[in-house]
Each structure stands twice: as C-alpha cells, then as structure tokens.
Amino acid sequence: MSRIQGFHRSGVHNVTVTTELGGQRCARTVRGLITAGRLGPGEQLVEQSLVEVCGVSRNTLREGYRILADEGLVVHVPHRGVFVSSPGVAEVRDVYTARRVVECGALRERAGAGLAVGAARRPAATRLWWSWSSSSAAPGRPRRMGAGARWAT
C-alpha cells in the first residue's frame, strides 16, 4: 500500500491507495496456505475452492499461480493442473546446510558477545549452570546434567 495526497474541493486529504494487484494478493494468500502447511507438498491446488478463498476470478487466480510458479512454490503440469512443489533431496540438503551455517554463526556470535561482557551480564540460568558445573563436587550442590537428564522434583 502507498499513501498519496488527494485533492478535494475542501482541501488536501491523505488517501490510502492499494497498489497490490489481484494476482499478487491471491499469490500472497496461497503462499500463506503453503507455508502454514495447509497445502502440502505434491497436493493439487483445486481452482474452485481457491477462487472462493481468495475472492477473485479464475483468471486472477491463474495469474497468482504464475507468480508462485516463478518463485518455485508451485508447478504447473499441462492437462493435469497446478501442484505444490515437492522439494528433492538436494534442495532439502541445501536448506539444512544454509540453516546450519546461519544458526551456528548466530550462536558463535552470541557466545562471543556473552563471554566478552562477563558473568555479570549472563542470564541467571547460565550463571547457575556454570556455578554448578564448576563446583559439582561440593556437598549439597547438584551435578552438571546432560541434555537428556531430568530435574528431580
């Protein structure tokens, strides 16, 4: 959406104008259904139900399909219909590789920032864990727990 100034006899008024076309709005709606998991990989997109969901004509829906096909979210199979894309093994591997790089880098950066700031700025749970792990031999203190361990209640 964008804001423009409109002119009226009584003066200048701010008017909100929607610049999103019907095909773009429809593509956004279907993209949301796919990313939310309501439309799964390989599932055929039923034109009649999506026309009702989007509130657009069939031609506008097909324009949305073309936008999604350009993004790689759907595949048009001639004489069969439009289907949600199913990622291959290589694509899934690429996604997880990218996630690993980004997430590990974020963790390294956060850990480096936490160590530079010092123990005073660490979260309380981290300080508690470090105090337990460094003095686990002390009587009355719990020992460091592994990832699969449970707290005693």
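I'll start with a convention: a crossing is called left-handed if the near helix is turned anticlockwise from the far one by less than a right angle, and right-handed if clockwise. Helices (H or I, at least four residues) and strands (E, at least two) are DSSP runs, numbered from the N terminus. This is a predicted model, so local features need pLDDT of at least 70 and side-chain atom pairs count only at pLDDT 80 or more, while totals for chains, interfaces and linings use all residues. Residues are numbered from 1 along each chain as its sequence is written, and side-chain values use heavy atoms, with hydrogens and water left out.

First, α1 and α3. The crossing of these two, α1 and α3, is right-handed. Their axes are 7 Å apart and the packing angle is about 60°; axes are lines fitted to C-alpha atoms, for helices over the stretch in contact, and angles run from 0 to 180 degrees between N-to-C directions. That makes α1 oblique to α3, given that under 35 degrees counts as roughly parallel, over 145 as roughly antiparallel, 65 to 115 as roughly perpendicular and the rest as oblique. On the α1 side the contacts, meaning heavy atoms within 4.5 Å, include Gly22, Gly23 and Cys26. Among their counterparts in α3 are Gly64, Ile67 and Leu68.

Next, α1 and α2. Their axes come within 10 Å and cross at roughly 110°, which makes α1 roughly perpendicular to α2. This crossing of α1 and α2 is right-handed. Arg25, Cys26, Thr29, Val30 and Leu33 of α1 make the contact with Leu50, Val53 and Cys54 of α2.

Which residues of α2 are buried? In this helix, residues 47-54, they are Leu50, Val51 and Cys54, where buried means under 20% relative accessible area, exposed over 50% and partly exposed in between, with a 1.4 Å probe and protein chains only. Seen down the axis of α2, they fall within an arc of 110°, so they line one face of the helix; the arc is that of the directions from the helix axis to the C-beta atoms. The buried residues of α2 pack against α1 and α3. Glu52 and Val53, on the other side of α2, are exposed. After α2 comes Gly55, with a positive phi near 70°.

Last, the hairpin. Strands β3 (residues 74-77) and β4 (residues 81-84) pair in the antiparallel sense over four bridges; pairing requires that DSSP finds at least two bridges between the strands. Val74 is opposite Val84 in β4. Three residues lie between the strands, and His79 takes a positive phi near 65° in this hairpin.
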